[in-house]
Amino acid sequence: MIVIYPGSFDPVTYGHIDIIDRCSKKFSKVVVSVLNNRSKKNMFSIDERVKLLKEVLKEYDNVEIDTFSGLLVDYAKEKKCNKVIRGLRAVSDFEYEMQMALVNKKLDDEFETFFMVARGRYAYLSSSIVKEIATFGGNISCFVPKVVENAINEKIGGGY
Ligand code: PNS
């Protein structure tokens, strides 16, 4: 079974990597799909986010990195894969995730959302939190791989 793991990945964290690692063992292929949304203020461009994902996931033979824009259901149809994985960290994620899953189901009845519960040690982790900690000079080495840490610090040093 092939699954899509969609997200902003701005940038990828150990929380995302853990979900991808676990999915890669349960599904034949995982398509990590990065939303290319111009209206959203991201720290990293779409190319930079893809590059970081490719770097940190290079060991995985059954993980593909792709991009999409527009509706997730349309992209899923185009990919001929109507199964999507979303990570669930805390109850606070649930409302938004449930809404998204229900909207997607309404848009396409064949579309299925599967939730994978985050490991406890990553339950607090998000790309936004990591960027905020880094902006104020905090140590982010336990939240993201070295290559991502360097990329964030370069952005901050460059006056992002
Ligand atoms: O990592 P994120 O930001 O939580 O990922 C959210 C994402 C990209 C999965 C979601 O915003 C999305 O699917 N956007 C595409 C537009 C869409 O299909 N919207 C309708 C469903 S709410």
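The model is predicted, so local features need pLDDT of at least 70, side-chain atom pairs count only at pLDDT 80 or more, and totals for chains, interfaces and linings use all residues. Residues are numbered from 1 along each chain as its sequence is written, and side-chain values use heavy atoms, with hydrogens and water left out.

Colleague: Which residues come nearest to the ligand?

Modeller: A residue is near a molecule if one of its heavy atoms lies within 4 Å of it. Twelve residues are around the ligand. The nearest are Ser8, Leu71, Leu72, Arg86 and Met100.

Colleague: How far is an oxygen atom of the ligand from an N or O atom in the side chain of Ser8?

Modeller: Look for a polar contact, a pair of N or O atoms within 3.5 Å; within protein, one must be able to donate a hydrogen and the other to accept it, and residues adjacent in sequence count only if both atoms are side-chain atoms. Leu72 uses a backbone N or O atom, 2.8 Å from a ligand oxygen. Arg86 uses its side chain, at 2.9 Å from a ligand oxygen. For the side chain of Ser8, the distance is 2.6 Å.

Colleague: What share of the ligand's exposed area does the protein bury?

Modeller: Areas come from the Shrake-Rupley method with a 1.4 Å probe; for residues, only the protein chains shown count as cover. Taken alone, the ligand exposes 550 Å². The protein buries 75% of that.

Colleague: Which residue forms a salt bridge with Glu97?

Modeller: A salt bridge is a side-chain nitrogen of Lys or Arg within 4 Å of a carboxyl oxygen of Asp or Glu. The structure holds 14 of them. In the one with Glu97, the closest N and O atoms are 2.8 Å apart. The partner is Arg86.

Colleague: How many residues apart are Glu97 and Arg86?

Modeller: Helices (H or I, at least four residues) and strands (E, at least two) are DSSP runs, numbered from the N terminus. Glu97 sits in helix α4, and Arg86 in strand β4 (residues 83-88). The pair links distant parts of the chain, and the separation is eleven residues.

Colleague: Is Glu97 buried or exposed?

Modeller: Buried means under 20% relative accessible area, exposed over 50%, and partly exposed in between (1.4 Å probe, protein chains only). Glu97 has 4% relative accessibility, so Glu97 is buried.

Colleague: Why does Asp109 count as exposed?

Modeller: Asp109 forms a salt bridge with Lys105, with the closest N and O atoms 4.0 Å apart. Lys105 is partly exposed because its relative accessible area is 26%. Asp109 counts as exposed because its relative accessibility is 56%.

Colleague: Which residues form a nonpolar patch on the surface?

Modeller: Patches are made of residues with over 30% relative accessible area and no salt bridge; like charges are joined within 9 Å, nonpolar side chains (Val, Leu, Ile, Met, Phe, Trp, Tyr) within 5 Å. Met98, found in helix α4 (residues 91-107), is partly exposed at 32%. The patch has about 400 Å² of accessible area together, and its members are Val91, Phe94, Met98 and Leu102.

Colleague: What is the angle between the planes of Tyr5 and Phe9?

Modeller: Rings of Phe, Tyr and Trp (its six-membered ring) pair if their centres lie within 6.5 Å; planes under 30 degrees apart count as stacked, over 60 as edge-to-face and the rest as tilted. The count comes to three aromatic pairs. Tyr5 and Phe9 form an edge-to-face pair, 5.4 Å centre to centre, and the angle between their planes is 70°.

Colleague: Which peptide bond is cis, with omega near 0°?

Modeller: Most peptide bonds are trans. Pro11 lies in the loop between β1 (2-7) and α1 (14-26). Pro11 is buried, at 1% relative accessibility. The cis bond runs from Asp10 to Pro11.

Colleague: What is the phi of Lys80?

Modeller: Most residues other than glycine have a negative phi. Lys80 is found in the loop between α3 (72-78) and β4, and it is exposed at 77%. Lys80 is not a glycine, yet its phi is positive, at about 55°.
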